[in-house]
Amino acid sequence: MGQTVTASLSSVQAYPAERFRVEYGANMGDPLGVLEDLVLDDIYLLDSPAPPQRLGIAAHHDGSFTIAGDSALGTPGAVLHLDCLLTLMPDRGPNTETLVMVEADAEGYIAAIYLVPLAPLQPQMPYTLVKAEREPARRKLAQSACVSFTRGTRITLSTGAQRAIEDMRPGDRVLTRDDGVQEVRWVGQSTLRAVGDLAPILIRKGALNNAEDLIVSPGHRLMVYQRRDEIGAGAPEILVRARDLVNGDSVVVLDGGFADYFQILFDQHHIIYAEGIAAESTFLDPVTRPVLPEDFWTARPGDRQVSLPAAHKQGAHGLDVSRSLLDRPDAVRLLKRASLR
C-alpha cells in the first residue's frame, strides 16, 4: 500500500522488537511478539542504553497506517498495524505502558515488530508483562498524539474574559485568531505519566509574551507573528512546537509525576489564545480521532455534535518551523523580539 498525499504525518520513538527479549518465562530468549504470542508474567530486558529511533507514521483517512518516507525505522510505504497495548511492571518504580506496532510485507506477513514506549525504559531493568490488550491501543495512541493544555491554562473567550481549560464546556464561545468567534464542540481530558516524550513543556511567564506560565504537551504548536524575520524562517506567520523551544531556562521540560491534559475541539482546526498567546486547538486526523468518546458520533435529538465532519479541516495558519532553525540558545528571545518589533 503506497503513501498518499492526503496522509497525515506523525512519528513516535520506537525500539525494534529484537532489542526487548524475554529473560525469564515461557518465551525465554524470544524477542517481543504480537498479542497472540505474548505470555503474561514473562520478564523482559531492554538490551542496551542505545536510544529508541523515530518511527514515522503516515495515517490515512480510511484509518490505515503506513511507514512514512522519512522514517528512521522500517520500509517507507509498508503497511503498519497497531497491534496492542502492554503494561509492564519494572522491578522498581511505577508500571509502564507501551504500544506494539507491526510492519507487514507485500504479502501481508510480519516484516518487523516495534515497541513504542509511553515512558522511558531502563536498560537491563527486568520488566514483567502484567497486561496485554488490543482494544485500548488506538485510544492510547490518540491521547499521546493530541495537542493538549494542562489544568489551569486560561483560554480567551469571545468577551475577552479568561476561563480555565478544565471549566470549558461545549457551546462556550471562544475568540480565534483565524476565524473570529467559534463555539467549542468538545473538551477532552486524559491523565498521562509526565515522563519522556509525554512530559509537558513549561513556557515561563513572558517568555513569548505570555501573560502567565503556559504548560502544554510537547508537540503543541504555538503561533508567532514575526514583524521581523529574526530566525530566517522566510515567513511572517510561523508555527513552533513547544518541545523545540526548550532551552533549560525560559522554556523547560516538567519531567515526573502525572499530567492532566485537556483537549479543546472546534468544527475546524483553529488558533486560539492561551495565557494571551496564540496556540493551536485539537486537530482530528486518523491518529487522533479515537480520542473522542465512542458515542460522540451517535445521533441524539438536538445534539449538534454529530455534524462534526469526519474529515476535520486543518487550517493554513503559518509555516511549520523545522527544529534546525530553533536549535540555538537564543531562539526564544529572538522569537519574542520578532513579535514585538
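This is a predicted model: local features need pLDDT of at least 70, side-chain atom pairs count only at pLDDT 80 or more; totals for chains, interfaces and linings use all residues.
Residues count from 1 along each chain as its sequence is written. Local features need pLDDT of at least 70, side-chain atom pairs count only at pLDDT 80 or more, totals for chains, interfaces and linings use all residues, and side-chain values use heavy atoms, with hydrogens and water left out.

Me: How much space lies in the second largest pocket?
Reply: A pocket is an open set of points on a 1 Å grid over the protein atoms alone, where a 1.4 Å probe fits, with protein on both sides within 12 Å along at least five of seven lines. Points are joined across faces, edges and corners, and a volume is the space filled by probe spheres set on the points. For the second largest pocket that space is about 290 Å³.

Me: Which residues lie closest to the centre of the second largest pocket?
Reply: Lining residues have an atom within 4 Å of a point. The second largest pocket has 15 of them. Closest to its centre are M223, V224, Y225, A278 and S339.

Me: Which element gives the most to the lining of the second largest pocket?
Reply: Elements are DSSP runs numbered from the N terminus: helices are H or I with at least four residues, strands are E with at least two. Two or more lining residues come from each of β18 (221-225), β23 (277-280) and α3 (331-340). The most, 4 residues, come from β18.

Me: How do the residues of the lining of the second largest pocket divide into nonpolar, polar and charged?
Reply: Ala, Val, Leu, Ile, Met, Phe, Trp, Tyr, Cys and Pro count as nonpolar, Asp, Glu, Lys and Arg as charged, and the others, Gly among them, as polar. The division is 9 nonpolar, 3 polar and 3 charged.

Me: Within what arc do the buried residues of α3 fall?
Reply: Buried means under 20% relative accessible area, exposed over 50%, partly exposed in between (1.4 Å probe, protein chains only). In α3 the buried residues are A331, V332, L334, L335, A338 and S339. They line one face of the helix, because their directions down its axis span a limited arc, taken from the helix axis to the C-beta atoms. That arc is 160°.

Me: Which elements do the buried residues of α3 pack against?
Reply: Contact means heavy atoms within 4.5 Å. The partners are β18, β19 (237-241), β20 (251-253) and α2 (323-326).

Me: With which side chain does the side chain of D172 make a polar contact?
Reply: D172 lies in the loop between β12 (162-164) and β13 (173-176), and is buried at 15%. A polar contact is a pair of N or O atoms within 3.5 Å; within protein, one must be able to donate a hydrogen and the other to accept it, and residues adjacent in sequence count only if both atoms are side-chain atoms. At 3.0 Å, the partner is R163.

Me: Is G171 buried or partly exposed?
Reply: G171 is in the loop between β12 and β13. Beyond four places in sequence, G171 touches E183 and V184. Its relative accessibility is 35%, so G171 counts as partly exposed.

Me: Which side chain does a polar contact join to that of S190?
Reply: S190 is in strand β15 (residues 186-193) and is buried at 4%. Its contacts beyond four places in sequence include Q143 and Y261. The polar contact spans 3.5 Å and the partner is Q263.

Me: What is phi of E275 near?
Reply: E275 is in the loop between β22 (271-274) and β23. At 3% relative accessibility it is buried. Its phi is positive, though E275 is a residue other than glycine, and is near 50°.
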